[in-house]
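Take a look at the model below before reading on. The paragraphs that follow walk through it step by step.

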Number of protein chains: 2
Amino acid sequence: MTTQATVTTDAEIDALIGLARAAEPVLAASDPARRARLLEGLADALDAARDDLVPLAAAETGLSRNRLVGEVARTSGQLRMFARVVLEGSMFEAVLDDADDSVAPPRPDVRRMLRPLGPVVVFAASNFPFAFSVLGGDTASALAAGCPVVVKAHPGHPGLSAATAAVATAVVREQGWPAGTFAVVQGTDAGVRVLSAPEVKAAGFTGSVAGGRALEQVAQGRPEPIPFYGELGSTNPVVVTPAAVAERGPEIAAGFVGSFTLGAGQFCTKPGVLLLPVGHGLEAEIENAVSAAPAAPLLTPSIFAAFGAGLATRSEHAGTRLLATSAATAPDDGRSVTPTVLALSVSTFLADLELLGEECFGPVSLVVEYDSVDELRQVVDALPGSLVASVHLATEDADWVGALLEDLAARTGRLVVNGWPTGVAVTWAMQHGGPHPVTTSSLHTSVGATAQRRWLRPVAYQGVPEQHLPPALQSANPWRVPRRVNGVLTPAPVTGS
Amino acid sequence: MTTQATVTTDAEIDALIGLARAAEPVLAASDPARRARLLEGLADALDAARDDLVPLAAAETGLSRNRLVGEVARTSGQLRMFARVVLEGSMFEAVLDDADDSVAPPRPDVRRMLRPLGPVVVFAASNFPFAFSVLGGDTASALAAGCPVVVKAHPGHPGLSAATAAVATAVVREQGWPAGTFAVVQGTDAGVRVLSAPEVKAAGFTGSVAGGRALEQVAQGRPEPIPFYGELGSTNPVVVTPAAVAERGPEIAAGFVGSFTLGAGQFCTKPGVLLLPVGHGLEAEIENAVSAAPAAPLLTPSIFAAFGAGLATRSEHAGTRLLATSAATAPDDGRSVTPTVLALSVSTFLADLELLGEECFGPVSLVVEYDSVDELRQVVDALPGSLVASVHLATEDADWVGALLEDLAARTGRLVVNGWPTGVAVTWAMQHGGPHPVTTSSLHTSVGATAQRRWLRPVAYQGVPEQHLPPALQSANPWRVPRRVNGVLTPAPVTGS
């Protein structure tokens, strides 16, 4: 029942939830090697199915074959990274404190580790049909944590979702995992039903502000509220200093256009605002680059409609002027658009920050022109939270950039210098999530090795006999995980020792 | 203005918030040694003021001098533990990934650490006038994290709160920290005003379900919602197996009475439900121990009133019978009470779980009698989340206890075997917080070395030049913190190396 690109019925959902609940103890008890094998098996199967899946994805999303081939590699790489994270073992955060009768009151034997929350629901995104979808980062990190996963497929690519689910389900079956380890449901009501099920203990979401806030309300309004990790819209400001303009303005202009038009502007990390000094003189460079940019289809008709409305509001705004538009003509297919850059002053931007500071999904970006360092600092101070904030500096730049970087770091989850925000490396150090309003929890990330922390909670075991302790906490350390012992970080024992 | 035991005015609050905001960058930038010195200075000053503070506390709370002297030691010990945690440096969770041009796409230099959220508000508890109050665990962990703290004093001990604030403020001043590093406000409206201030970025709370839920709504309803870490009521079930009754029933009965009457039953970890097998034969032991227990004053008149109502509801419940009551007579002072134990069947308990499974703050506990292992497993399955769950086992016990412990671990933040839930060791491994409804986030703890994680959020720095990186992420590692470098845990460099 998980392989149909049709709306999942209530009875099917309830059966899937029951299976997920039944799978919970098996996943929780699975040792790192076995859990890593599942993640690696999913990665291998995804790579093997690439040539079947990419055409499905291309047909449903309008994204290019090259882009999608790259995204499959990123997605399988992400699954393999989580396999390494599980095997490395720090994610269990095992801590052992020995009993101490010499202190008053006597200190008991206490051991602590992170335990999986139970079945979780993952709401897939439209814009990454692989990397933030059925076998994307939320699924990979939840399986790494030992949580059964029910994915709510995105309606933008239902056929691909069903086909990817079939690939995953085959791996689950072949490796002998319980049937409830992984499932996909289709349909808006299906997502709400899964999110409302008492057996489901957390939710991940990547998508629009409206959709995310509505689902967050469902999660918080349950008899038992559950964590809802929503990654919503972000404008991702980019600051260019006067010295950087002087040093390499044209290169920055070209990089800007490349970044905001990438994937037809449909990345959550798209630079939505570029802060340039008044008199930057880069109009021609931006115009030329945008002019040469082709038309491209948006992911869904509803994204197309929203982009049209958002672009119109910004274009017709009294304080903005058209800086650049593409020479290409978009086919009249109800999907395709061309890129646009609008320019405006800081005072216009700040006067209407609620509208102009909001994400507009698609290939549009605003050049906001600041007339002084003070005005730049003022606009940075007013910016809402962002997933990523970027700064272009000259090799030798002014002293005030230190304070500027500090101000930006206080408002973002990722600070980039001399780079563009699009492109999120899937590494140990990555952070994808930032202060309100861009994510519902700025304390967590949905990309990178620590993403599995969202699906785990700590439990302390006090005076529990060895045979009843989880393996990660047993004195013999059979899972060979790094641990903190009486306050001291202790590396994992080497195999065979 | 922070040393008056009078309601803080709106103007005073706004000034304090402004000072806290101004202190934010200073605390965030403070190196571990300096931050540890603040925590140690507060610990030393608290210990030095003990003989002035304990009489104030005793007069306001009715708690005994011995108990309060012990609590001061626990509180200063907790401050010193957080000093060690800051100095150890793992709390910064520094992660460095080098750039790698050999992969496609090339991987940038990304470094990640936890940063303080900014000013936080701490709502002090009634029942630990030191350890969960002005200089308690929330304050200590937030200062360790580098966050300025505004404490909302508990109305049960306003004079002690003002006096403790004066002790703390003197240390802050003597050590040259900004005035906004630490402040105390008094008054219910004052707490809501601080919680609503845009500059305040998180809240800690220990107290009643009603109070906690109301404040949680305030935190979630702000234009910028903030994390609200509430530790609310918990029943903390204790299971005794038939084999444990046979092995040492009388000892368990005495331990139970000692635990539920400790501090006049006003611990959040009080065992509110004791699950004994039908025919346990411990009635006389429980009766004798309770009979010998003295009357004791409750913390406040409102706790006295709530205890009276809660006890009446439970006593008058058709399914409960009086098992034991004290021979002492409580003085008619509007504060003092004596302990009570009621007995009931599993079926009665489950039929009215919403009432009988709820915490009743004060010296009352329920003995719920199970007639079979199946019935025991059934009641454990139905239990709401708890801060701590305990099991008394025999030296050689039945095979089913493994599954029982696993079921309990899934419902609690701390699992205790052959011990009592009261008494929370302040150690690296401690967990104080559990699944709904006992805490508003089961992913965090309010006691133990990881409590400071609540006040920190991750930020990634991509391509940021050395001189603009926070010290914990600079290649030279001037803060000497343990770090993960290219996936490998790397201990802190030894001083002088």
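Start with a strand pairing. In chain B, strand β1 and strand β2 (residues 110–116) run antiparallel to each other, joined over three bridges. Within this pairing, B:Asp97 faces B:Val110 of β2(B). On to another partner of β1(B): strand β18 of chain B, residues 483–485. Here the sense is parallel, again with three bridges. B:Leu96 has B:Val485 as its bridge partner in β18(B).

Are the two faces of β1(B) covered or open? Both are covered. On one side sit B:Ala94 and B:Leu96, and on the other B:Val95 and B:Asp97. These four residues of β1(B), which spans residues 94–97, are all buried.

A word on what kind of model this is. It is a predicted model. Chain A has an average pLDDT of 96, and 99% of the residues score at least 70. For the complex, the predictor gives an ipTM of 0.97 and a pTM of 0.97.

Now step back to the two chains. In general, two copies of a chain are related by a rotation about an axis and a shift along it.

Where the chains touch, chain B contributes 49 residues and chain A contributes 49 residues. On the side of chain B that touches chain A, the elements giving two or more residues are β1, β2, α15 (401–409), β16 (414–417) and β17 (456–462) of chain B. Which of them gives the most? It is β17(B), with six residues. By type, the residues on this side of chain B divide into 26 nonpolar, 15 polar and eight charged. Of the interface residues of chain B, 100% are also interface residues in chain A, so the copies meet through the same surface.

Strand pairing also crosses from chain to chain. Strand β16 of chain A, residues 414–417, pairs with β17(B). The sense is parallel, and there are three bridges. One place to look is A:Leu415, which stands opposite B:Tyr461 in β17(B).

Next, the interior. In soluble globular proteins, nonpolar side chains tend to be buried together. The largest nonpolar core of this model holds 303 residues. Which of them touch the most other members? They are A:Ala203 and B:Ala203. Take B:Ala203 and leave aside its neighbours within four places in sequence. Its contacts are then B:Val120, B:Val121, B:Phe123, B:Leu195, B:Leu215, B:Ala219, B:Ile226, B:Phe228 and B:Tyr229.

The loops hold some backbone details. In chain A, the peptide bond joining A:His436 and A:Pro437 is cis, with omega about 5 degrees. A:Pro437 lies in the loop between β16 and β17 of chain A. In chain B, a cis peptide bond joins B:His436 and B:Pro437, with omega about 10 degrees. B:Pro437 belongs to the loop between β16 and β17 of chain B.

Two other loop residues have a positive phi. A:Glu93 is not a glycine, yet its phi is positive, about 45 degrees. It sits in the loop between α4 (65–88) and β1 (94–97) of chain A. Is A:Glu93 buried, exposed or partly exposed? With 19 other C-beta atoms within 10 Å, A:Glu93 is partly exposed. B:Asn477 is not a glycine either, and its phi is positive at about 50 degrees. Its place is the loop between β17 and β18 of chain B. B:Asn477 counts as partly exposed because it has 19 C-beta neighbours inside 10 Å.

Finish with A:Pro331, in the loop between β11 (321–325) and β12 (336–337) of chain A. A:Pro331 has 10 C-beta neighbours inside 10 Å, so it counts as exposed. Not counting residues up to four places away in sequence, A:Pro331 touches A:Ala295 and A:Ser336. How far apart in space are A:Pro331 and A:Pro297? From C-alpha to C-alpha they are 8.9 Å apart, while in sequence they are 34 residues apart.

How values were computed:
Residues are numbered from 1 along each chain as its sequence is written. Chains are lettered from A and ligands numbered from 1 in the order in which they are written. This is a predicted model: local features need pLDDT of at least 70, side-chain atom pairs count only at pLDDT 80 or more; totals for chains, interfaces and linings use all residues. A residue is buried if 20 or more other C-beta atoms lie within 10 Å of its own, exposed if 12 or fewer, and partly exposed in between; C-beta atoms are placed from the backbone. Two strands pair if DSSP finds at least two bridges between them. Two residues are in contact if their C-beta atoms, placed from the backbone, lie within 7 Å. Ala, Val, Leu, Ile, Met, Phe, Trp, Tyr, Cys and Pro count as nonpolar, Asp, Glu, Lys and Arg as charged, and the others, Gly among them, as polar. A nonpolar core is a set of buried Ala, Val, Leu, Ile, Met, Phe, Trp, Tyr and Cys residues joined through C-beta atoms within 7 Å. pLDDT is the predictor's confidence in each residue, from 0 to 100.
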